[in-house]
Amino acid sequence: MANAAQRPCSICMEPMAPSEAHRGGSACAHAFCGACLTGHVRAKLESGRAGAVGCLDAACAGKLDPELCRAALPRDLFERWCAALCESMFAGARRTYCPFPDCSEMMVADEDGGDGDTVTQSECQVCRRLFCAQCRVPWHAGADCAAYRHRDTAREDAMLMEMAAGRRWRRCSRCQFFVEKTDGCLHITCRCGYQFCYGCGSQWATSCSGCTN
């Protein structure tokens, strides 16, 4: 009776009991032995085509369902398959990351909020903190992105000016590039070609009265 209930796997033709027949797709009734199912999924993973693994039956257009195949697959193979499926979902998508260093969760960034407006305020799906998806910083409440970036740039400029004053850097009046003299004379030739006096900042002449080394 047991032998009569067995049927061969349509791939390897080995007899299998009903409990050994694994149905891999929800859209078809085809069933295969665990070894054939495992080998098929492994081959797709190794070839980089795990996004949508088709039924083993060549005449079937159905796709395998990971959950239906789970019982037949080794645990590590099932986990690799799931990871590959997740990765394929993000292919071509614009990614963003939580800006908080203790989280850094990767997410798919929405292009707009559904009404044409660019999405800015977002919530991390893991740490639940708010951040700006455009500026990629913690949420800047009370300021839009343009105002925040202007304020951030102004703060950086102020820090640079403070550092330049502390280190006695001289700024080229033509290209605004900062120059630091470590040794030598006061005659400076900037990278833009402009020549000036490091002592007073004026354009270099044959001599610069009032300035000394």
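**Reading the labels in this model**

Me: Why is the pairing of Glu79 with Arg75 called a salt bridge?

Reply: In this predicted model, the closest N and O atoms of Glu79 and Arg75 are 3.1 Å apart, and because a salt bridge requires a side-chain nitrogen of Lys or Arg within 4 Å of a carboxyl oxygen of Asp or Glu, the pair qualifies. The two residues are four apart in helix α4 (residues 75-90), and are therefore separated by about one helical turn.

Me: Are Glu79 and Arg75 exposed or partly exposed, and what makes them so?

Reply: Exposed means over 50% relative accessible area and buried under 20%, with partly exposed in between, so Arg75, at 68%, is exposed, whereas Glu79, at 43%, counts as partly exposed.

Me: How many salt bridges does a search of the whole structure find, and what makes Arg70 and Glu67 one of these pairs?

Reply: The search finds four. The side chains of Arg70 and Glu67 meet at 3.6 Å, N to O, which is within the 4 Å limit, so this pair is also a salt bridge. Glu67, with 52% relative accessibility, counts as exposed, while Arg70, with 46%, is partly exposed.

Me: How do you know that Arg128 and Glu123 form a salt bridge?

Reply: Their closest N and O atoms are 2.8 Å apart, and because the cut-off is 4 Å, the pair meets the definition. Both residues are partly exposed, Arg128 at 48% and Glu123 at 40%. Glu123 belongs to β7 (121-123).

Me: Where does β7 stand in its sheet, and why is one side of this strand left without a neighbour?

Reply: The sheet is open and has three strands in the order β7-β8-β9, with antiparallel pairing. β7 and β9 stand at the edges, and each has a single partner strand, so one side of each is without a neighbour in the sheet.

Me: Why is Cys127 said to be in no disulfide?

Reply: The nearest cysteine sulfur, that of Cys124, is 3.7 Å away, and since a disulfide needs two cysteine sulfur atoms within 2.5 Å, Cys127 is therefore in none. The structure as a whole holds zero disulfides. With a relative accessible area of 23%, Cys127 is partly exposed.

Me: What share of the chain counts as buried?

Reply: Of its 213 residues, 30% count as buried, in a chain that has five helices and 13 strands.

Conventions. Residues are numbered from 1 along each chain as its sequence is written. This is a predicted model: local features need pLDDT of at least 70, side-chain atom pairs count only at pLDDT 80 or more; totals for chains, interfaces and linings use all residues. Side-chain values use heavy atoms; hydrogens and water are left out. Buried means under 20% relative accessible area, exposed over 50%, partly exposed in between (1.4 Å probe, protein chains only). Two strands pair if DSSP finds at least two bridges between them.
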